[in-house]
Amino acid sequence: TFSGSVYHGGMDGYTEFINAAMGMHQWTNPLHASQFGGVRKMEVEIIAMTLRMFNAPDGAVGSMTTGGTESILLAMKAAREHGKERGITRPEMVVGVTAHAAFDKAAHYFGLKIHHARMDPETTKIDMKHFRSLVNRNT
């Protein structure tokens, strides 16, 4: 199984449970928080819990995304901006060759240089020696 290709754990009854939950909420759209207050409430609660979990400083904020690509894009944009604050003018990132395609999209959209670390075909693990060799002062 590839990461992201199967979204259940094979548990009995799980599909029925998900179908019931979807049936209750399939017509709500979190992009319209003014119409779906319950969705907005969940977002606020999840952000507050996450900030507490990571001991965020006073004044910290958060946002939620609706998918993997959007989450990765926003994280890479935030990392680029953080790097700028630290004086990095030519930002780079290192990812494994098996990383989500959104990392390549982020590199293209945000002007980041991307390095792909090799994977061992036997173990399917990233070659950490190669990975470390790609890290530099711009990563």
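**Aromatic pairs and a helix contact**

Student: Is Tyr 109 buried or exposed?
Tutor: Tyr 109 is exposed, at a relative accessible area of 52% (exposed is over 50%, buried under 20%, partly exposed in between, with a 1.4 Å probe and protein chains only). This is a predicted model, where local features need pLDDT of at least 70, side-chain atom pairs count only at pLDDT 80 or more, and totals for chains, interfaces and linings use all residues. Residues are numbered from 1 along each chain as its sequence is written, and side-chain values use heavy atoms, leaving out hydrogens and water.

Student: And what about Phe 110?
Tutor: Phe 110 is buried, at 18%.

Student: OK, how many aromatic pairs are there?
Tutor: Searching the whole structure gives two (ring centres within 6.5 Å; planes under 30 degrees apart are stacked, over 60 edge-to-face, the rest tilted). Tyr 14 and Phe 17 have ring centres 6.3 Å apart and planes at 40°, so they're tilted.

Student: Where do Tyr 14 and Phe 17 sit?
Tutor: Both are in helix α1, residues 14-25, three residues apart (a helix is a DSSP run of H or I, at least four residues). Tyr 14 is partly exposed at 25%, while Phe 17 is exposed at 54%.

Student: Which way do the rings of Tyr 109 and Phe 110 pair?
Tutor: Edge-to-face, because their planes are at 75°, with centres 6.4 Å apart.

Student: New topic: what does α3 touch in α4?
Tutor: Thr 69, Ile 72, Leu 73, Met 76, Lys 77 and Arg 80 of α3 meet Ala 102, Phe 103, Lys 105, Ala 106, Tyr 109 and Phe 110 of α4 (contact is heavy atoms within 4.5 Å).

Methods:
Helices (H or I, at least four residues) and strands (E, at least two) are DSSP runs, numbered from the N terminus. Rings of Phe, Tyr and Trp (its six-membered ring) pair if their centres lie within 6.5 Å; planes under 30 degrees apart count as stacked, over 60 as edge-to-face and the rest as tilted.
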